[in-house]
Amino acid sequence: MAAEAEASREARAKVLAAEGEQRASVALKEAANVMADSPGALQLRYLQTLNSIAAERNSTIIFPLPIELLKGFSSR
């Protein structure tokens, strides 16, 4: 009986994890669509990410590559 209850809990946990992954993938798709429609959104997100990395590691990041060079990688 205990093994059955444990298996049931594990099954529910797997279902919840799968639902969470599905919601996350939908949110990522929506974010990608927003960034694709707004030229400055991707650049701002990029700068926010660099800022977060610098804050976590207590460092300063100097990135001399102009963002315009990355425009060739976008679909627009």
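Is R23 buried or exposed? Keep that in mind for a moment. What we have here is a predicted model, and I will go through a few residues in it.

R23 is exposed, and its relative accessible area is 59%. Its partner is E19: the two form a salt bridge, with 4.0 Å between the closest N and O atoms. Side chains of opposite charge can pair when their charged atoms come close. As for where the pair sits, R23 and E19 are 4 residues apart in helix α1, so about one helical turn separates them. E19 has a relative accessibility of 32%, so E19 counts as partly exposed. How many salt bridges does the count come to? The count comes to 1 salt bridge.

Next, L28. Helix α1 covers residues 2–37, and L28 is found in that helix. Buried or exposed, then, for L28? L28 has a relative accessible area of 61%; exposed means over 50%, so L28 is exposed.

Last, the surface patch. Which residues form the nonpolar patch on the surface? They are L65, L69, L70 and F73, and together they have about 420 Å² of accessible area. Of these I will pick out F73. This residue is found in the segment after α2, a helix that spans 39–56. F73 is exposed, with 72% relative accessible area.

That is the end of my part.

How values were computed. Residues are numbered from 1 along each chain as its sequence is written. This is a predicted model: local features need pLDDT of at least 70, side-chain atom pairs count only at pLDDT 80 or more; totals for chains, interfaces and linings use all residues. Side-chain values use heavy atoms; hydrogens and water are left out. Helices (H or I, at least four residues) and strands (E, at least two) are DSSP runs, numbered from the N terminus. Buried means under 20% relative accessible area, exposed over 50%, partly exposed in between (1.4 Å probe, protein chains only). A salt bridge is a side-chain nitrogen of Lys or Arg within 4 Å of a carboxyl oxygen of Asp or Glu. Patches are made of residues with over 30% relative accessible area and no salt bridge: like charges are joined within 9 Å, nonpolar side chains (Val, Leu, Ile, Met, Phe, Trp, Tyr) within 5 Å. Accessible areas come from the Shrake-Rupley method with a 1.4 Å probe; for residues, only the protein chains shown count as cover.
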